Amino acid sequence: MEGKFYGAEKFNPRLIMTQIVVMQSLFWLCLCLLTACADFVIGEPQSMSQLFNGRSYTWDTRAGLTLAVCLWATALLMAGSLRFVVERAKKCLDFVCTYHFFHFVASSFAAGCPSTGQWWAIQLVALLLAVFLGEYICMMAETKAIKMGSKARQSKTLRQQVVVD
């Protein structure tokens, strides 16, 4: 994949809202699918309510630890998706905090404000994992060389021939 030029960007609220919706949808889709598969494998009952219950995120029980690992695996997948949806390293923190904030709001509405320290610690690890890995992936993509058109290659070839002759 070749590099991309990032020039002065205009403020585009429609693009930003679309990116937020896509990232939020991907977050919940990945978390639901990973949790459903993990619950099936370990023999736990599958329930959407566990995703929004603050007491479910714990490392004291097998089900809680599985949920935490699924959230961390989701963070890894989200870091990769930042590369294609957001595309800029400097925007990763904003988008990751946004979808975690909406998850916090949904959890607060569903089961009350999460009050356990374990919920906050598990969420913080997932947030930091997605931000740092996402920024790294986006930064690697941003620093790729930009290929110029065929005219640029032809002029370079001509210059090399003149120097040789």
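Is Gln123 buried or exposed? Keep that question in mind while you colour the chain by element, for the tour returns to this residue further on.

**Before you start**

This is a predicted model, in which local features need pLDDT of at least 70 and side-chain atom pairs count only at pLDDT 80 or more, while totals for chains, interfaces and linings use all residues. Residues are numbered from 1 along each chain as its sequence is written, and side-chain values use heavy atoms, with hydrogens and water left out.

**The whole chain**

Show the protein as a cartoon, and you will find five helices and zero strands; helices (H or I, at least four residues) and strands (E, at least two) are DSSP runs, numbered from the N terminus. Of the 165 residues in the protein, 33% are buried, where buried means under 20% relative accessible area, exposed means over 50%, and partly exposed lies in between (1.4 Å probe, protein chains only). Among contacts with a separation of 6 or more, 76% join residues 24 or more positions apart, a contact being heavy atoms within 4.5 Å.

**Select α1, residues 13-42**

The end C-alpha atoms of α1 are 43 Å apart, which agrees with the 44 Å that its 30 residues should span at 1.5 Å a residue; the expected span is 1.5 Å times one less than the number of residues. Its buried residues, including Met23, Phe27 and Leu31, pack against α2 and α3. Just after this helix, select Gly43, which takes a positive phi of about 80 degrees.

**Select Glu44 and Arg62**

Here the two side chains meet in a salt bridge, at 3.4 Å from N to O; the term stands for a side-chain nitrogen of Lys or Arg within 4 Å of a carboxyl oxygen of Asp or Glu. Because Glu44 lies in the loop between α1 and α2 and Arg62 in helix α2, the pair ties together parts that are 18 residues apart in sequence. Glu44 is partly exposed, with a relative accessible area of 25%, whereas Arg62 is exposed, at 52%.

**Select the nonpolar core**

The largest nonpolar core has 29 residues, and those with the most contacts inside it include Met23, Leu71, Leu82 and Tyr99; such a core is a set of buried Ala, Val, Leu, Ile, Met, Phe, Trp, Tyr and Cys residues joined through side-chain atoms within 4.5 Å. Helices α1, α2, α3 and α4 each supply at least two residues of this core, and α2 gives the most to it, with eight residues. Centre the view on Leu82, whose contacts, leaving aside neighbours within four places in sequence, include Met23, Phe95, Val96, Ala130 and Cys138.

Glu87 is another of the residues that Leu82 touches. Glu87 sits in the loop between α2 and α3 and has a positive phi of about 70 degrees although it is not a glycine.

**Select α4, residues 117-142**

This helix of 26 residues reaches 37 Å from its first C-alpha to its last, close to the 38 Å expected, and its buried residues pack against α2 (62-85) and α3 (92-111). Now select Gln123, which lies in α4 and is buried, with a relative accessible area of 6%. Not counting residues up to four places away in sequence, Gln123 touches Tyr57, Leu71, His100 and His103.

Select Leu76, Leu129, Leu133, Tyr136, Met139 and Met140, which form a nonpolar patch on the surface with about 520 Å² of accessible area together. Patches are made of residues with over 30% relative accessible area and no salt bridge, with like charges joined within 9 Å and nonpolar side chains (Val, Leu, Ile, Met, Phe, Trp, Tyr) within 5 Å, and areas come from the Shrake-Rupley method with a 1.4 Å probe, only the protein chains shown counting as cover for residues. The largest share of the patch, five residues, comes from α4, and one of its members, Tyr136, is partly exposed at 49%.

Finish with Glu142 and Arg88, which form a salt bridge with their closest N and O atoms 3.3 Å apart. This pair links Glu142 in helix α4 with Arg88 in the loop between α2 and α3, 54 residues apart; Glu142 is partly exposed, at 22%, while Arg88 counts as buried, at 13%.
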